[in-house]
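Keep the viewer open as you read.

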Amino acid sequence: ASESTISGNIDGNGKLVLSVYYTRDSYKIIANNNNEKAGESTKVNGNYRYDKQITLTATTNAGYTFLGWFDGETLACATANFIFNVDKNVTYTAKWSANTDTKYTVNYYLQNLDDNNYTLHETQELKGETNTTATAEIKEYSHFTYNEGESTISGNIDGNGKLVLSVYYTR
């Protein structure tokens with residue numbers, strides 16, 4: 001209103017010009033993600049004018065699957081790159097799910113006969129859910145006793161599939 005001239009006297013010379021100015025609406029846009037371990041995404045928290053083009057991006061870490069950009073529980077975009085024009089107040093959340101088939105390894109070692117060292121006896125290649133705890137099975141081997149002090153029987157299944165658990169048995 002302060003910039004506009006909405007009324008005036010119509011003179012016979014035809015030079016009256018009325019000017020009406022409008023401000024562009026502004027909307028609050030927030031972008032975040034549901035799991036910092038699963039990946040990175042554009043972080044946005046600000047006010048943007050109507051029709052401004054915004055680009056949101058997400059990268060996914062190993063062991064996770066990108067589900068999309070969500071407005072609440074509604075999928076807004078299924079791809080990692082989300083381009084939209086501002087037209088409302090909205091919060092978009094990048095969401096991932098943990099893979100359930102992330103590999104990890106369990107190695108079983110038996111104590112040598114002639115020294116106090118151990119030799120790999122058996123290897124199991126297993127799968128589990130990313131970012132959960134895996135626990136090795138304590139097996140029974142005739143004439144061998146599980147050695148708790150030497151063993152690492154549990155650990156976090158990292159998305160890269162490099163978790164190795166080691167179970168040792170003394171003779």
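What follows takes you through the cores, the strands and the salt bridges.

A quick word on ground rules: this is a predicted model, where local features need pLDDT of at least 70, side-chain atom pairs count only at pLDDT 80 or more, and totals for chains, interfaces and linings use all residues. Residues are numbered from 1 along each chain as its sequence is written, and side-chain values use heavy atoms, with hydrogens and water left out.

Start with the inside. In soluble globular proteins, nonpolar side chains tend to be buried together. A nonpolar core here is a set of buried Ala, Val, Leu, Ile, Met, Phe, Trp, Tyr and Cys residues joined through side-chain atoms within 4.5 Å. Buried means under 20% relative accessible area, exposed over 50%, and partly exposed in between, using a 1.4 Å probe and protein chains only. The largest core has 19 residues, and the members touching the most others are Leu 56, Trp 69, Phe 82, Phe 84, Tyr 92 and Trp 96. At least two core residues come from each of β1 (26-33), β4 (53-56), β6 (64-71), β8 (82-85) and β9 (90-98), and β9 gives the largest share, four residues. These strands (E, at least two residues) are DSSP runs, numbered from the N terminus. There is also a second, separate core of 13 residues, including Leu 110 and Tyr 141.

Now zoom in on Leu 56, which sits in β4. Leu 56 counts as buried, at 0% relative accessibility. Leaving aside neighbours within four places in sequence, its contacts (heavy atoms within 4.5 Å) include Ala 31, Val 44, Trp 69 and Tyr 92. Two strands pair if DSSP finds at least two bridges between them; β4 and β8 do so in the antiparallel sense, over four bridges. In β8, the bridge partner of Leu 56 is Phe 82.

Next, find the open sheet of four strands, which run in the order β11-β10-β15-β13 with mixed pairing. β11 (118-128) and β13 (145-152) are at the edges with a single partner strand each, so one side of each has no neighbour in the sheet. β13 pairs with β15 (residues 164-170) in the antiparallel sense over four bridges, and Asn 147 has Tyr 168 as its bridge partner in β15. Also in β15 is Ser 166, which is buried at 15% relative accessible area.

Finally, the charges. How many salt bridges does the structure hold? There are four, counting a side-chain nitrogen of Lys or Arg within 4 Å of a carboxyl oxygen of Asp or Glu. In one of them, Asp 71 meets Lys 88, with the closest N and O atoms 3.5 Å apart. Asp 71 is in β6 and Lys 88 in the loop between β8 and β9, so the pair ties together parts that are 17 residues apart in sequence. Another salt bridge joins Lys 95 and Glu 73 (3.6 Å, N to O). Here Lys 95 is buried, at 16% relative accessible area, whereas Glu 73 is exposed, at 72%.
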